[in-house]
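Thanks for coming, everyone. Please have the structure open as I go.

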Amino acid sequence: MTINNSYLESVKKQMLYYKTIAEKAMEQLEESQLFYCTNEDTNSISTIVNHMSGNMLSRWTDFLTTDGEKEWRNRDAEFVESTATREALLQTWNAGWTCFFNAINELKPDDLEKIIYIRNEGQTALDAINRQLAHYPYHIGQIVFYAKMLKNSDWTSLSIPKNKSTSYNADKFSKERTLKHFTDDELKKLQ
């Protein structure tokens, strides 16, 4: 397996992990909490989802052949609350992720060196992927943080629970060394 092949597989696993983290955070909330804003300058979880989906649809539709900022995208509208139900929100969420995974699954290792454009600025496909690998987890962190604040003490941890690092590490170090992606075990725990 080439390094480029390994890289693409790593991206897929990491993005699936972060997608799952956000979904598990949203599952813990009441429907109304998905649309809650603390003030006018704060985005609700729903608004963050709308923005992420809009970004994904724009960036990953015809990824290698058209500019990542599509003419049909209305980025400003992504920040106006337009979704009213959990079901509609999850449809928006899944539309973006489906577009992303369809595009990334079609990429070949040699495609990583191709030049693509976002807002008329050229970069390698690899750099564009890295850009999104930072962008999406940034917003997923916002979703998780917001969900945890809204849920308060009823929160079910999505990572190593507070004050459990010692036992978590003891379990990890009690096993034989293995070569695997960090998400292999983490995704199992989230399911």
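Cys99 is buried, at a relative accessible area of 13%. Buried here means under 20% relative accessible area, exposed means over 50%, and partly exposed is in between, with a 1.4 Å probe and protein chains only. Cys37 is partly exposed, at 33%.

Ground rules next. This is a predicted model: local features need pLDDT of at least 70, side-chain atom pairs count only at pLDDT 80 or more, and totals for chains, interfaces and linings use all residues. Residues are numbered from 1 along each chain as its sequence is written, and side-chain values use heavy atoms, with hydrogens and water left out.

Now the overall layout. The chain has six helices and two strands. These are DSSP runs numbered from the N terminus: helices are H or I with at least four residues, strands are E with at least two. The order from the N terminus is α-α-α-β-β-α-α-α. The C-alpha trace spans about 50 × 50 × 25 Å along its principal axes. Of the 191 residues, 42% count as buried. Take the contacts between residues at least 6 apart in sequence: 76% of them join residues at least 24 apart. Contact means heavy atoms within 4.5 Å.

On to helix H3, residues 86–106. Its 21 residues should span 30 Å at 1.5 Å a residue, and the end C-alpha atoms are 30 Å apart, so the two agree. The expected span is 1.5 Å times one less than the number of residues. Buried residues of H3 include Trp93, Trp97, Phe100 and Phe101. What covers the buried residues of H3? The cover includes helix H1 (3–27), helix H2 (45–60) and helix H4 (125–151).

Stay in H3 for one more residue. Leu89 sits in this helix. At 1% relative accessibility, Leu89 counts as buried. Beyond four places in sequence, Leu89 contacts Leu34, Ser46, Val49 and Thr83. Leu89 and Glu113 are 24 residues apart in sequence, and their C-alpha atoms are 35 Å apart in space.

Now the core. In general, nonpolar side chains in soluble globular proteins tend to be buried together. The largest nonpolar core here has 45 residues, and Trp60 and Ile129 touch the most other members. Such a core is a set of buried Ala, Val, Leu, Ile, Met, Phe, Trp, Tyr and Cys residues joined through side-chain atoms within 4.5 Å. Which elements give two or more residues to this core? They are H1, H2, H3, strand E1 (115–118), H4 and helix H6 (183–190). H4 gives the most, with ten residues. Look at Ile129 up close. Not counting residues up to four places away in sequence, Ile129 touches Tyr7, Leu8, Val11, Trp60, Phe63, Ile104, Leu107 and Leu112.

His135 is in H4. Is His135 buried or exposed? It is buried, with a relative accessible area of 19%. The side chain of His135 makes a polar contact with the side chain of His51, at 3.4 Å. A polar contact is a pair of N or O atoms within 3.5 Å; within protein, one must be able to donate a hydrogen and the other to accept it, and residues adjacent in sequence count only if both atoms are side-chain atoms. Leaving aside residues up to four places away in sequence, His135 touches His51 and Asn55.

Next, H6. Its buried residues are Thr183, Glu186, Leu187 and Leu190. Seen down the axis of H6, they fall within an arc of 95°, so they line one face of the helix. That arc is taken over the directions from the helix axis to the C-beta atoms. An α-helix has 3.6 residues a turn, so residues three or four places apart point the same way. The buried residues of H6 pack against H1 and helix H5 (165–173).

Last, two backbone angles. Asp62 is not a glycine, yet its phi is positive, near 50°. Asp62 lies in the loop between H2 and H3 and is partly exposed, at 46% relative accessible area. Arg119 is not a glycine either, and its phi is positive at about 55°. Arg119 lies in the loop between E1 and strand E2 (121–124). Arg119 is partly exposed, at 42%.
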